[in-house]
Amino acid sequence: MRIFRFESIDSTNDYLKNKKDIQEFDLVIAEIQTKGRGRRGNNWFSNKGMALFSFSLKVDKDISAEEYFKLPLVIGISVLRGIKRIEELDLKFKWTNDVYLDDKKLSGILVEKIDNFFIIGIGINVNNKEMGIVNEVAISLKNKTGRNYIVDDIIFAVIDEFKKYYKKFCDGEWKYILDEINNKNYLKNKIVNIARTNEIVTGKVNEIAQDGRLEVEISGEKRFFDIGEVHIKRVKNEID
Ligand code: BTN
């Protein structure tokens with residue numbers, strides 16, 4: 001595993017995306033990002049004290065594109081487990097791949113694909129007090145516990161967990177991974193608005209299904225939503 005460290009960089013994901021001699025599990029760690037990117041074209045406010053890193057994963061030709069739709073979920077549970085190794089907190093997994101603590105976002109993940117590699121970018125609020133997120137409520141580990149953490153310990157615990165979970169995933173153990181994810185399912189039983197290109201629907205979330213889609217009950221009918229297809233917003237003041 002090669003490690004590339006930067007005090008400041010535009011985006012750790014972009015660094016790997018532009019790297020000509022990219023190898024599997026190249027890891028990029030930055031203290032600050034000047035153009036940190038989030039999902040759906042959002043900016044990712046990137047301050048000192050956060051864990052800001054990306055690594056590369058080679059696309060395995062034996063794994064179908066359909067199977068790879070589950071990759072964000074595998075990464076999400078690995079981030080949750082990695083953080084838990086450092087601090088035992090009641091962390092939740094928010095489909096498709098965020099980690100939540102006390103109803104607030106602790107970590108975000110951006111998965112991109114370039115040629116034969118996935119670029120997996122992870123941001124975790126660790127020692128930072130400022131999150132700078134305008135439209136999402138966020139929390140850092142320090143906000144919660146008042147402690148300071150060694151950011152590298154968290155990064156390497158997450159990568160170690162990812163390697164374990166990814167091996168299980170490749171070995172056909174998805175069912176067990178999914179059970180674990182569903183045990184931590186933040187959205188379960190919550191009322192959410194689901195926005196798609198041509199509709200906004202409101203429903204109650206059930207489990208995450210075998211194929212990684214989210215099962216939502218809408219007007220008494222079960223519907224399934226694809227990863228990446230929807231934008232989910234929890235309806236405030238509804239049942240937990
Ligand atoms: C999201 O929740 O919208 C995803 C946020 C992903 C942020 C990380 S920080 C490290 C890596 N580099 C980036 O530019 N983005 C990801």
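Trainee: What distance separates the centres of domain 1 and domain 2, taken over C-alpha atoms?

Mentor: Good place to begin, and please keep in mind that this is a predicted model. The two centres are 23 Å apart, taken over C-alpha atoms. The domain assignment places domain 1 at 3–183 and domain 2 at 191–234.

Trainee: How many helices and strands does the protein have?

Mentor: You will find six helices and 12 strands.

Trainee: Why does the radius of gyration agree with a compact globule?

Mentor: The idea is to set the value beside what the chain length would give. For 240 residues a compact globule would come near 18 Å, and the protein has 17 Å, so the two agree. As for extent, the C-alpha trace spans about 50 × 45 × 35 Å along its principal axes.

Trainee: What share of the residues counts as buried, and what does the surface consist of?

Mentor: Of the 240 residues, 51% count as buried. The protein exposes about 11,900 Å², with carbon and sulfur atoms supplying 46% of that area.

Trainee: Which residues touch the most other members of the largest nonpolar core?

Mentor: That core has 58 residues, and the ones touching the most other members are Phe-53, Phe-55, Val-79, Leu-106, Ile-122, Ile-124 and Phe-162. Domain 1 and domain 2 both give residues to this core, so it lies between them. Apart from it there is another core, of eight residues, including Val-28, Ala-30, Phe-117 and Ile-119.

Trainee: What is Phe-55 in contact with, leaving aside its neighbours within four places in sequence?

Mentor: Its partners include Leu-16, Phe-25 and Leu-27, as well as Phe-118, Ile-120, Ile-122, Ile-159 and Phe-162. Ile-119 is also one of the contacts of Phe-55, and Ile-119 belongs to the eight-residue core.

Trainee: Where does Thr-34 lie, and which residues is it in contact with beyond its sequence neighbours?

Mentor: Thr-34 sits in the loop between strand 2 (27–33) and strand 3 (51–58). Leaving aside neighbours within four places in sequence, Thr-34 contacts Ser-8, Ile-9 and Asp-10. Asp-10 is 24 residues from Thr-34 along the chain, yet their C-alpha atoms are separated by 4.5 Å.

Definitions and conventions: Residues are numbered from 1 along each chain as its sequence is written. This is a predicted model: local features need pLDDT of at least 70, side-chain atom pairs count only at pLDDT 80 or more; totals for chains, interfaces and linings use all residues. Side-chain values use heavy atoms; hydrogens and water are left out. Helices (H or I, at least four residues) and strands (E, at least two) are DSSP runs, numbered from the N terminus. Contact means heavy atoms within 4.5 Å. A nonpolar core is a set of buried Ala, Val, Leu, Ile, Met, Phe, Trp, Tyr and Cys residues joined through side-chain atoms within 4.5 Å. Buried means under 20% relative accessible area, exposed over 50%, partly exposed in between (1.4 Å probe, protein chains only). Domain bounds come from an automatic or database domain assignment. The radius of gyration is taken over C-alpha atoms; the globule rule is 2.2 Å times the number of residues to the power 0.38. Accessible areas come from the Shrake-Rupley method with a 1.4 Å probe; for residues, only the protein chains shown count as cover.
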